[in-house]
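I opened my notebook and went through this protein piece by piece. Here is what I looked up, in the order I looked.

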Amino acid sequence: MRTDPENAISPVSAASIGDWTDSADVVIAGYGIAGVCAAIEAARAGADVLILERTSGWGGAAALAGGFVYLGGGTPLQRALGFADTPENMTEFLLAAVGPGADEAKITDYCAGSLEHYDWLVGNGVPFREALWDEPGWEPPHDEGLAYSGGENAAPFHAIATPAPRGHVPRMQNKRSGERGGGYMLMKPLAETAEALGVRVRYDVRLTGLVVDGDRVAGVLAQRYGERVAIRADRGVVLATGGFAYAERMVADHAPQLIGRPGAAIEEHDGTGILLATALGAATAHMDATEVAFFCDPQLMARGILVNAQGQRYVPEDTYPGRIGQMTLFHQQDQAFLVMDERAYEEALATETATPALRIPPTWAADTVAELEADMRLPEWTLQSTVRIYNDYAAQHRDPLWGKRPRWLRPITGAVAGFDLRHRTAGFPLGGLRTDLDGRVLHVSGTAIPGLFAAGRCTSGICTGGYVSGASLGDGSFYGRRAGRAAAAN
């Protein structure tokens with residue numbers, strides 16, 4: 001049997017399994033956010049649950065994340081901080097923000113259930129502090145519980161739906177981004193809840209195949225320290241194995257813009273779950289869609305102008321930095337420069353940020369825009385024309401070209417600096433298995449594959465092109481719960 005995760009593995013008949021190594025009502029592959037939420041709900045539905053985790057501990061990519069959970073519709077945290085929101089308003093924003101091919105049914109369902117999901121997280125020990133972070137940034141630098149995390153208050157979205165912050169961040173102590181930040185504080189109480197409910201876990205187990213009994217998924221094959229194990233699933237298998245950011249061939253086939261630039265993922269995101277399911281005929285969706293991080297501190301970008309290789313602005317600089325990343329990589333061939341004056345640069349450095357490593361020094365400095373343009377080797381008059389137009393409108397406190405908010409508009413004057421931001425992008429795929437609203441994996445025919453469920457980054461979730469920070473943890477936890485309940489009831 002082939003075990004290379006980049007080669008689709010054919011399912012194995014249950015009749016060929018001599019002795020099952022173990023069994024459970026519900027077998028879950030992956031102990032990240034989708035897996036832990038599936039386990040909790042399946043256990044509460046009365047199922048015997050077994051999680052198979054590839055690494056030596058719980059958490060997955062979720063435990064390393066900044067921790068945004070995208071929730072809205074009028075959560076208690078939103079209301080406590082003075083923000084009015086409704087599920088309909090949240091739906092309107094997401095349908096505009098997530099890009100072409102938006103799954104309207106899934107987005108509407110997610111928004112309608114957002115309030116209950118917030119209460120469920122809090123009820124399972126996830127804490128949120130009543131404080132707002134209202135500055136540009138990839139995430140709050142402290143333990144603020146709420147922030148704008150998708151450009152809701154920036155052009156063009158603030159004219160489409162009433163802006164409301166929906167990035168809910170679990171409260172943390174001694175925050176260390178990428179180590180024990182908000183994502184860790186989301187996973188920790190959920191893992192403790194799952195294990196208190198009697199969920200069993202086997203670590204260092206790598207999924208290698210699905211076992212079928214007729215047309216029903218009846219279990220999984222896996223390897224643990226080189227030994228093959230066969231685990232029977234009496235009610236269902238839930239795939240919570242993550243995406244394919246580190247599957248080089250899959251990235252090349254489906255999302256070539258990300259070749260050589262995986263980000264916000266872990267090496268275990270090698271596409272295994274997707275490949276195993278597609279070998280059964282599972283449908284996929286939006287495999288070309290990607291989130292794109294942009295490696296520059298948002299406090300810098302909001303105070304300057306971003307220009308392309310022709311010296312022209314191409315995005316509102318005060319928007320969600322993930323949108324800036326997508327606009328740069330997809331529409332500007334990954335060519336970007338930041339221009340700002342000395343006063344703006346000093347003001348930015350005086351602010352707080354959760355990402356100090358992204359506060360890079362200027363690449364060029366000059367007394368005039370004309371000199372800077374020449375130093376940056378931009379076509380003559382291009383940057384000068386851009387700055388002149390920008391300054392004229394900034395003096396009027398408006399930006400008719402890109403809609404930058406007046407808060408960040410100020411003419412660029414005096415000594416100026418340029419930052420080389422070319423090839424400073426990375427990302428992860430958003431596409432994956434097509435699932436219904438209960439986490440059932442759908443066959444290419446449109447019918448559900450009996451006994452097979454999935455949630456999290458191995459599925460195509462609420463983001464089908466555009467992205468908002470918190471969508472992965474949000475729909476991973478939300479539809480992880482659905483998958484766990486459906487598997488337990490199967």
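Before anything else, I wrote down that contact means heavy atoms within 4.5 Å. I also noted that this is a predicted model.

**Entry 1: the core**

I started with Val-36. Leaving out residues up to four places away in sequence, I found that Val-36 touches Tyr-31, Met-187, Leu-190, Ala-191 and Ala-194. Next I looked up the largest nonpolar core, which has 69 residues. Val-36 is among those with the most contacts inside that core, and the list also includes Val-26, Ile-28 and Leu-190. Which helix gives this core its largest share? I found helix H1, residues 33–44, with nine residues. I then came across another core lying apart from this one, with 37 residues, including Ala-24, Ala-222, Val-441 and Ile-449. My general reminder: in soluble globular proteins, nonpolar side chains tend to be buried together.

**Entry 2: H1 against H6**

I followed H1 to its packing with helix H6, residues 182–196. The axes of H1 and H6 are 9 Å apart, at an angle of about 30°. Angles under 35 degrees count as roughly parallel, so H1 is roughly parallel to H6. I noted the crossing of H1 and H6 as left-handed. Which residues of H1 and H6 meet? On the H1 side I listed Ile-33, Val-36, Cys-37, Ile-40 and Arg-44; on the H6 side, Leu-186, Met-187, Leu-190, Ala-191, Thr-193 and Ala-194.

**Entry 3: H3**

I turned to helix H3, residues 87–97, whose buried residues are Asn-89, Met-90, Thr-91, Phe-93, Leu-94 and Ala-97. Strand S4, helix H4 and helix H5 are among what covers them. Just after H3, I found Gly-99 with a positive phi of about 95°.

Helix H14 runs over residues 471–489 and has 19 residues. From its first C-alpha to its last, H14 reaches 27 Å, close to the 27 Å expected. Is H14 mostly covered or mostly open? Mostly covered: 17 of its 19 residues are buried. I checked H4 against H14, and their axes come within 11 Å and cross at roughly 90°. That makes H4 roughly perpendicular to H14. Lys-106, Asp-109 and Tyr-110 of H4 make the contact with Gly-474, Asp-475, Phe-478, Tyr-479 and Arg-482 of H14.

**Entry 4: loops**

I found Pro-156 in the loop between strands S6 and S7. The peptide bond from Ala-155 to Pro-156 is cis, with omega near 0°.

Asp-204 has a phi of about 60° and sits in the loop between strands S8 and S9. Arg-377 has a phi near 60° and lies in the loop between helices H12 and H13. Arg-377, at 77% relative accessibility, counts as exposed.

Last, I visited Thr-353, in the loop between helix H11 and strand S16. Thr-353 and Pro-298 are 55 residues apart in sequence, yet 8.6 Å apart in space, C-alpha to C-alpha. Setting aside neighbours within four places in sequence, I found Thr-353 in contact with Pro-141, Asp-297 and Arg-359.

Technical notes: Residues are numbered from 1 along each chain as its sequence is written. This is a predicted model: local features need pLDDT of at least 70, side-chain atom pairs count only at pLDDT 80 or more; totals for chains, interfaces and linings use all residues. Side-chain values use heavy atoms; hydrogens and water are left out. A nonpolar core is a set of buried Ala, Val, Leu, Ile, Met, Phe, Trp, Tyr and Cys residues joined through side-chain atoms within 4.5 Å. Buried means under 20% relative accessible area, exposed over 50%, partly exposed in between (1.4 Å probe, protein chains only). Helices (H or I, at least four residues) and strands (E, at least two) are DSSP runs, numbered from the N terminus. The expected span of a helix is 1.5 Å times one less than its number of residues. Axes are lines fitted to C-alpha atoms, for helices over the stretch in contact, and angles run from 0 to 180 degrees between N-to-C directions. Angles under 35 degrees count as roughly parallel, over 145 as roughly antiparallel, 65 to 115 as roughly perpendicular and the rest as oblique. A crossing is left-handed if the near helix is turned anticlockwise from the far one by less than a right angle, and right-handed if clockwise.
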